[in-house]
Amino acid sequence: MELILHFRPAGHEYAPDLPTPSSNKGPLSFLVSLMVNREDLFDEGRADPGTLMSVEHDLFRRNPESTDGSRLWTCLPEQIRAAIKLRADGEIWLKIASGMPSVDNLPWELAGQAAGMELGRPVRVSRFVPVRLPPAPALTATLPVRILIVVTNPKDERLLDSNREVYALRAGIDSNQYEVQVLQEATADSAAAMMQSFQPHVLHYVGHSGANRGSGYLVLHDPNRGTTEWVGADDIAKALPVSVRVGCLSTCFTQQNFDVTGLALFAHAPATVRLPTMVINRFSIDEKAVQTFWRVFYEQMITAGGNVAAALVAGQQATAAAEPNSLNWASFSLVARDGGDQPLHIGQQRDAGQFASEVQAQFASRLAADLADKLRAFSPSSQSESLTRSLSEAQQRVREYTKRISKSVTE
Amino acid sequence: MIYDEFRLQISPDLKQAGTWSLEILKCPIPQLSGPQGAPDAPFAATDLAILRNLDNFRGGNLLKLKAIGSAAFSAVTNNAVRAALQASIAHAAQQQHGLRIVFSLVPTEQEAGPVRLSEIPIEALYEPRSNFLAPQINTPVSRSLQAQPDRDALALTPPLRVLVIAASPTGLPPADIAQERAAITDALANLVANRIVELDFCDPPTRVELARRLTTKYHVVHFVGHGGVGRTGSDPSPRAFVFLQDANKKPDSLDGESLDLLLRNNPSVRLVVITGCSTARLPPAVEGVPFAATAYDGMAQRLLGAGNANVSAVVAMQFDLDASAASAFSKAFYSSLVTPGTTLDEAVTQARGAVMSALPVGDPAWVNPVLYWRCTDGKVFDVHPIVGAELSPDVEAQLALLNAQIDVYRKNLDQMAAQPPDIQAAMAGLRQQMQSDIENLVTQSGQLLGHAVRLWGGRARVGEILRCRLTIRLRAPAVLQSFRVHVVHEPEGFDWVAVGAGSNAAAAPLSGLAGNVLTVAIDDVSRGTRWAEQEYEIATIDYRVKSATPPTRTIKLRDLNVTTGDPTFFRALDAIAFMESAPQ
């Protein structure tokens, strides 16, 4: 069962057991609502702001610990936890949506573990950047699925052992199922050119990341000097061909990441930035975790027909089993964006008509989302009839293309 | 508002070197005019330093600002001048007029006093009875480098064309370009929708692009970003400049003299606005030795100097400007500037008021904008209200929404064009639907506009001919006499090929190409007959497509002038052209 936990800010609150913030306002508190299967909305409650803030403080100093999971689970409002318990008759998918780094950056995967122990049922956690309209249907990818691994190692940053990083990842990828290309020392331009020519289905980044003013950056190479060039989500998104439906952002393990939180901030970029669904690292991990998780993840992505949520769970379980005394498994996190949990449909064949319908459905969907955003910006009025009509036409096109895809697949 | 003028000249005292002499050149009470002796006291360099250090005014410091304003008043007036000024303010008020206060500055290389004349913050003038003068709408304060105004206002048929150059090169503190751009766009949204103003951004903000842009006719050039005073390149002479960007987004300083030369070749630019930092400051002393320069070397002063035949007014900043103050200024300034009947100093004063309201009491940001001008009748542009030009707020809102939709479609077409070729081929059907959608949206805009001239775009591949139809649509029967328009294309996208007769025209129009501006002229359009209410094709214009990147381009109509028997306003609708690559 899919349960969406939606956080929104509720104002600043005084927390007596915490040092007074310099703003003298107290920590920001959040209202949490629960949505079941994207339809029923349960009443809101207020998350405990002191606990959220103290977990956030602790994570500045250290990697997450399992107690952080129970702290996060219990900071949820009691009525929300009770509503979740009521639905604990099978596996639960908790999807966290907030749009705020102070919530998104917390290790909610561990909260899922704590909840699972309390409920006696598996509770999976993923993140969710809501798009305004339902996304277009999955793109069909035929085997071999194409992966572009982008590795960076700028000379003014802590230097990685690039070969070891790539080997740990690539050794587990089945070459019968995947066609892999590796781009070393990538610049923004070389990565864009490679994506245009190779048209990968998966873009897998390995390297440092950075964070600035709440936005995340990948650390690529300056084309002239080979030094660091931070590239933001907006710029990467503009260079992505429509074939890229999954983004994987791996932190480096042969060196300490410059700022690993940059990966999460990148993946949580606002919905208007056209990034695909992403699998990321939220904190540092070791080589064994890299080898185990990605081997199983890529294996299961084929088995599950392109469902990355299923692949994520399999990868997390395998990592936990391989390193039972470690929380490395919880570093791997799914941020569902455009494409949701199933951004790819991995099939045996695809005809030209189906391909045309699929890519047109993708772009019709993007147009509809942009028009919906614009309509939201202008308050509805008699003047917005034309915009409403355009939106309706764009949505109709998405439906038509989707219908054509179904017909094509059936035939 | 109707203004009387109080014009005070400050010039070197020819009889006593190193001192200033005051003369009232113009006054609503004529008998008070004439030489008035020397100012009371020099302006202290320490006061200037205090004013220019924004840290002294965090959260506001009204007491300090009043003290500086009083000192500035003493530095540019004396008892006799102040008495004449008070009498003039009272006299103007009796007539229900405002009093325009203009300081006519005659600087020299060897200036008197510790602070250069043009560096005295005249805009801060304060005296207890009148309070601060410059932010009051009935006492606007401005500067001139001439004894008398000598430039007539440019009679303007809308749209007023504004070119914004917003640069934030790497390696300098990031300027809030996005906020400034958004503020200007927001301030002018309705005016743009109504075609009273046309707003373009110089992208990329490079010297090459600026020179190219200035080959088409703009009325206002607005710089946003960093400026300063210092050496540029290997030239040892310090001078005022604004920063553009080079091709690698690195700083490229454009000094006042270079900008002056660029603008001399582009006579339609009458107003320059510079909301950079320090852009009105003069060169500092170099290595302890005062730099021998006249006030003309300041960026603003340079553009209005002797020999410049075009620019009538410059609005620039005299010290560092906070980004939020710059935004508030731009928004209020342009809104006022295009209001018929509003004078230029009135527009600047409205903008001072907006800055004052946006910041704490006692913040000196409103002192910052300096208006140098030489315009007769207080106007740099004479924006005439035209019969039929007004649109209802409902129609304006609909137009804004249609434009917003067109932008969304174009952005998505751009994204589609960035896809690999096989994906683009697969999306041909959707792309054509979206192109038709854009054409329909433009048609809907046309239907809201009343009488309109439209250049219809179309679709063509690289190497093919794009035929644009020039039509005129009448909402009421009319006899069409003469027709003139400039058609501006982007030279990277098209080569002009030919102009032909439209299906409703007797012959091909007169035409001439200069650069990328095609002039189309037709006399006796309807050949003396009264044309009925419908759309008529009066010409065709052919272009050869050179590039499919970007996939959409606009071909603009400018300086539209249609004469009929009655005063009638025609709006212009630009063409949107859709380009595709040549088949492989």
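Biologist: Between which elements of chain A does the loop with Q199(A) lie?
Modeller: Residues are numbered from 1 along each chain as its sequence is written, while chains are lettered from A and ligands numbered from 1 in the order in which they are written. This is a predicted model, in which local features need pLDDT of at least 70, side-chain atom pairs count only at pLDDT 80 or more, and totals for chains, interfaces and linings use all residues. Helices (H or I, at least four residues) and strands (E, at least two) are DSSP runs, numbered from the N terminus. On that basis, the loop that holds Q199(A) lies between α7 and β9 (202-207) of chain A.

Biologist: Is Q199(A) buried, exposed or partly exposed?
Modeller: Q199(A) is not a glycine, yet its phi is positive, at about 45°. A residue is buried if 20 or more other C-beta atoms lie within 10 Å of its own, exposed if 12 or fewer, and partly exposed in between, with C-beta atoms placed from the backbone. Because 17 other C-beta atoms lie within 10 Å, Q199(A) is partly exposed.

Biologist: What is the phi of E185(A)?
Modeller: E185(A) belongs to the loop between β8 (178-184) and α7 (188-198) of chain A. This residue has 16 C-beta neighbours inside 10 Å and therefore counts as partly exposed. E185(A) is a residue other than glycine with a positive phi, near 50°.

Biologist: Which residue is joined to L143(A) by a cis peptide bond?
Modeller: The bond has an omega of about -5°.

Biologist: How far does helix α2 (residues 62-76) of chain B reach from its first C-alpha to its last?
Modeller: The expected span of a helix is 1.5 Å times one less than its number of residues. For the 15 residues of α2(B), 21 Å is expected, and the modelled helix comes close to this. Its reach is 21 Å.

Biologist: Which elements of chain B do the buried residues of α2(B) pack against?
Modeller: The buried residues of α2(B) include L65(B), I68(B), A72(B) and F73(B). Packing is judged by contact, where two residues qualify if their C-beta atoms, placed from the backbone, lie within 7 Å. The elements packed against are β1 (3-12), α1 (45-52), β4 (98-105), β5 (126-127) and β6 (131-132) of chain B.

Biologist: Which element gives the most to the side of chain B that touches chain A?
Modeller: Contacts link 19 residues of chain B with 21 residues of chain A. On the chain B side, two or more residues come from each of α10 (393-417), α11 (421-426) and α12 (428-448). With 10 residues, the element that gives the most is α10(B).
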